[in-house]
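Okay, thanks for coming, everyone. Have a look at this one with me, and I'll talk you through the strands, the ligand and a couple of helix pairs.

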Amino acid sequence: MSEKDISLYIHIPFCKERCDYCDFLSFSGMGVDVQSLYIDSLIKEIDMYRNLIDGPVTIYIGGGTPSFLPVKLLRKLFNHLSSLIVGENLKEFTVEVNPESLVRDKLNVMIDAGVNRISIGVQSFSDRALKSVNRITRVRDINRALELINSRSGVKNYSIDLIIGIQSKGELEKDLEYILMLRPPHVSVYLLHISPGTPLYKSIKNRKFIPPCDEEIRDMYLFACEKLENANYEHYEISNFAINGFRSMHNCRYWDYGDYIGVGAGAVSKLGSKRWENIRSLIDYIDTVRHGRRPVSLEEMLTEAIQVREKIMLSLRRKFGVDYDILAGHVLKDREEFKNYVKFLIEHGYAVKENNRLRLTDRGFLVSNEIIAEIFDYIEAGTSLNA
Ligand code: SF4
């Protein structure tokens, strides 16, 4: 039996329609012929890494919308993936689905191949909110998909994604009430990100969509944190909440700085101190793999300095935070100023220090980018980051 300690990510870059806020790598309007060529390339790319990824610990199929693939292509992909699973090595196998495209046949294919976790893109239980950002899912689709998932005893573990910022405060309260009534094992709560170039960005400029102001978003996030934490969800990462025993193992692997291979257009891999990113163009990706070449567009060496910074960043986004002595050990000058900054964070409720670990509070999570940037300034002062 393989004892490899590696995870596998598979990217499916197809969606029926594009949501107005989306800045993920996904394409709408692609026919089955293109999807079929893509799946063939994915399988070929998986085989390029065969020695590395036989017996992965976790598999995660994300997108895009993996459940949008026709059942025939899903079956082809999952049959191939089944051949990678070695003994008891695989601990978690997740597929992202969108409610409107999840049907019984597709779910059966997934479960028969060993999928034991479904991540459902809900975003809100308000049709008004969903329509306002051109999301094609409707509440009736969500309820139907949840019924379907609950009808299959193989899936005890599922996660609901929620986006804060597409709904009003009143709608968010209802979203959370509904979620707490359903009690999914895992909930991800993201803040609406308004990326330049997206249709949403233009709608805001034209005043066709008025997002909540920063203060409202802040209140809504804190409200969601409080509701979920009071209902015994562990807020184990900035955007993630789980009931006991249901953290996302695959995502924890990224945050633990573990090794993973990503296949598909735009997918990222990390192996030891090497990281690479695949070609993002669909046609170039398909073509490169068809010619037997690795579809890599970018490769970087993770120097010790990069690793230090990334580990600190990932730790501060998690409940456990960072070992204070290790963090302070990276500050070689301006130490007093650094200590004062940490004191400031604690006194103003942005961080706490417990058992010698510094961790951000829910309020701190809201401004984590600023806090992490400030901490990096102290580390940069003391460490040669280009070393
Ligand atoms: S379903 Fe997800 S990946 Fe597809 S367009 Fe919407 S946000 Fe983007």
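So, there's an open sheet of three strands here, in the order S13-S15-S14, with antiparallel pairing. Helices (H or I, at least four residues) and strands (E, at least two) are DSSP runs, numbered from the N terminus, and two strands pair if DSSP finds at least two bridges between them. S13 (322-323) and S14 (351-354) are the edge strands, each pairing on one side only. S13 pairs with S15, residues 357-360, over two bridges, in the antiparallel sense. Val-322 has Leu-358 as its bridge partner in S15.

Quick caveat before I go on: this is a predicted model, so to speak of local features we need pLDDT of at least 70, side-chain atom pairs count only at pLDDT 80 or more, and totals for chains, interfaces and linings use all residues. Residues are numbered from 1 along each chain as its sequence is written.

Back to strands. S7 (residues 234-237) and S8 (residues 240-242) run antiparallel, joined by three bridges. They form a hairpin with two residues between them, and Glu-234 has its bridge partner in S8 at Ala-242.

Now, what surrounds the ligand? The residues around it include Cys-15, Arg-18, Cys-19, Cys-22 and Phe-24, and also Gly-63, Gly-64 and Asn-98. Being near here means a C-beta atom, placed from the backbone, within 6 Å. The shell divides into four nonpolar, six polar and one charged. For those classes, Ala, Val, Leu, Ile, Met, Phe, Trp, Tyr, Cys and Pro count as nonpolar, Asp, Glu, Lys and Arg as charged, and the others, Gly among them, as polar.

On to the helices. H7 (residues 169-182) and H9 (residues 214-230) have axes that come within 11 Å and cross at roughly 20°. That makes H7 roughly parallel to H9, a label for angles under 35 degrees. Axes are lines fitted to C-alpha atoms, for helices over the stretch in contact, with angles from 0 to 180 degrees between N-to-C directions. In the contact, Lys-169, Leu-172, Leu-176 and Leu-180 of H7 meet Glu-216, Met-220, Ala-224 and Lys-227 of H9, where contact means C-beta atoms, placed from the backbone, within 7 Å. By class, that's five nonpolar, no polar and three charged residues.

Last pair: H3 (residues 71-82) and H4 (residues 104-112) pack at about 5°, axes 9 Å apart, and are therefore roughly parallel to each other. Val-71, Leu-74, Arg-75 and Phe-78 in H3 meet Asp-105, Lys-106, Val-109 and Met-110 in H4.

Terms used. Angles under 35 degrees count as roughly parallel, over 145 as roughly antiparallel, 65 to 115 as roughly perpendicular and the rest as oblique. Two residues are in contact if their C-beta atoms, placed from the backbone, lie within 7 Å.
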